[in-house]
Amino acid sequence: MKLGIVGAGMIVKDLLSFIHEIPAITLEAICSRPGHLDKMLTLQEQYGIAQIYSEYSDMIANDEVDTIYIGLPNHLHYAYAKEALLGGKHVICEKPFTSNFQEFLELKEIARQKQLVLVEAITNQYLKNYLSMKENLRKLGDIKIVECNYSQYSSRYAAFQAGEVLPAFNPEMSGGALMDINLYNIHLVVGLFGSPKKVEYWANMERGIDTSGMLLLDYREFKCVCIGSKDSTAPNAMNIQGNKGYIHMTSSANKCESFDLALHKETPIRIDIKDHPHRMYDEFVEFERMIREHDLEKVTAMLEHSEKVMEVIEQAKQSANLVFGPDR
């Protein structure tokens, strides 16, 4: 994979902290706005990035780049992914894929027509602990209750309360608790159980944005609640309760650090099979393989998963009368 990165924020720095450990990925370029030139020069020197660009179209025109990683604010994902796909590049797009369902469908169709890899960078779907959790589900018997809580008091919340609107709390930039933090819970649950039969979102709203909320998913046979909060905090955890046992995880849904498998009348077993400390490592190992082998079958499967998640988000937004994105 010959990677071109767009963005110079925290998630990009997170990526660069470990990407050199995957030798098959080379850092060909980074692009950000002109005001970030000093940042890009620093990153170029620190991580050995071949080229820096202030014009996205120039990076797209670079034949040494075959894949674009989009690490920009949520509302920009669609436009930048579309330009990359039309330019013949594979695309790895940070979550959430797009601001709305129709944007996602358009990107999916362009990628299909051009036979390009298009994937959402969503950590938990590739983590070995999560995959092990999926394999162990059947041992729990009939599932009855699922609960996920990912609550993290935002360092930007105080500024938001003081009147400063930053991307994390800007509805025009597709911010808020649902699109940012609760999205990991949705991916985890939908990846394990598929699409729910009914979706409701009960949101705490401040100045037009959901700062926290409870997402209720009805699977008929069992019920699920996903809590995401940027205005308060609590111990992050996930529980899956069946009539033969439970799975308990004491980490946020984006990390899946480890989990306990407890069957009736048996001592709980701690499962932790991760082989790398960084939560993003496994997904990029798999992205590199998918692109190298042009594994469009796996790409299609992951896009189908992302589509189910986008449908849940749309239903949640509709239930709470939320409108996100630049066209709101």
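**Pockets, cavities and selected residues**

Helices α1 (10–16) and α4 (77–86) each contribute at least two residues to the lining of the largest pocket. Helices (H or I, at least four residues) and strands (E, at least two) are DSSP runs, numbered from the N terminus. The structure is a predicted model, in which local features need pLDDT of at least 70 and side-chain atom pairs count only at pLDDT 80 or more, while totals for chains, interfaces and linings use all residues. Residues are numbered from 1 along each chain as its sequence is written, and side-chain values use heavy atoms, with hydrogens and water left out.

The volume of the largest pocket is about 1400 Å³. Its lining is made up of 44 residues, and those closest to the centre of the pocket are M10, I11, L72, P73 and R156. A pocket is an open set of points on a 1 Å grid over the protein atoms alone, with protein on both sides within 12 Å along at least five of seven lines; a cavity is a set of points where a 1.4 Å probe fits but cannot get out, and lining residues have an atom within 4 Å of a point. Grid points are joined across faces, edges and corners, and a volume is the space filled by probe spheres set on the points. Helix α1 gives the most to the lining of the largest pocket, with three residues. By class, this lining holds 18 nonpolar, 16 polar and 10 charged residues. Here Ala, Val, Leu, Ile, Met, Phe, Trp, Tyr, Cys and Pro count as nonpolar, Asp, Glu, Lys and Arg as charged, and the others, Gly among them, as polar.

Three cavities of 30 Å³ or more were found in a search of the whole structure. The largest cavity holds about 100 Å³ of space. Its lining consists of 13 residues, with L127, K255, K274, H276 and R279 nearest its centre. Seven of the residues in this lining are charged, three are polar and three are nonpolar. The second largest cavity holds about 40 Å³ and is lined by I11, E94, A121, T123, Y184, R279, M280 and E283. This second lining divides into four nonpolar, one polar and three charged residues.

H276, from the lining of the largest cavity, is located in the loop between β14 (269–271) and α10. With a relative accessible area of 13%, H276 is buried (buried means under 20% relative accessible area, exposed over 50%, partly exposed in between, with a 1.4 Å probe and protein chains only). The side chains of H276 and E21 form a polar contact of 2.8 Å. The H276 side chain also reaches the backbone nitrogen of H278, at 3.0 Å. A polar contact is a pair of N or O atoms within 3.5 Å; within protein, one must be able to donate a hydrogen and the other to accept it, and residues adjacent in sequence count only if both atoms are side-chain atoms. Another polar contact, of 2.7 Å, joins the side chains of S306 and E120. S306 belongs to helix α11 (residues 296–320) and is buried, because its relative accessible area is 3%.

The count of aromatic pairs is 16. Rings of Phe, Tyr and Trp (its six-membered ring) pair if their centres lie within 6.5 Å. Such pairs link F18, Y69, Y126, Y281, F284 and F287 into a cluster. F284 is part of helix α10 (residues 281–292) and counts as buried, because its relative accessibility is 0%. Charged groups also lie over rings: the charged end of R207 sits 4.1 Å from the ring centre of F160, and K230 lies over the face of F169 at 5.5 Å. A charge sits over a ring if NZ of Lys or CZ of Arg is within 6 Å of the ring centre and within 35 degrees of the ring normal.

Some backbone angles were also examined. Most residues other than glycine have a negative phi, and most peptide bonds are trans. The peptide bond from K95 to P96 is cis, with omega near -15°, and P96 lies in the loop between β5 (90–94) and α5 (101–114). R220, which is not a glycine, has a positive phi of about 65°. R220 lies in the loop between β9 (209–218) and β10 (223–229) and is exposed, with a relative accessible area of 61%. H294, also not a glycine, has a positive phi of about 50°. H294 is placed in the loop between α10 and α11 and is partly exposed, at 38% relative accessible area.

Methods. Phe/Tyr/Trp six-rings, centres within 6.5 Å; stacked < 30°, edge-to-face > 60°.
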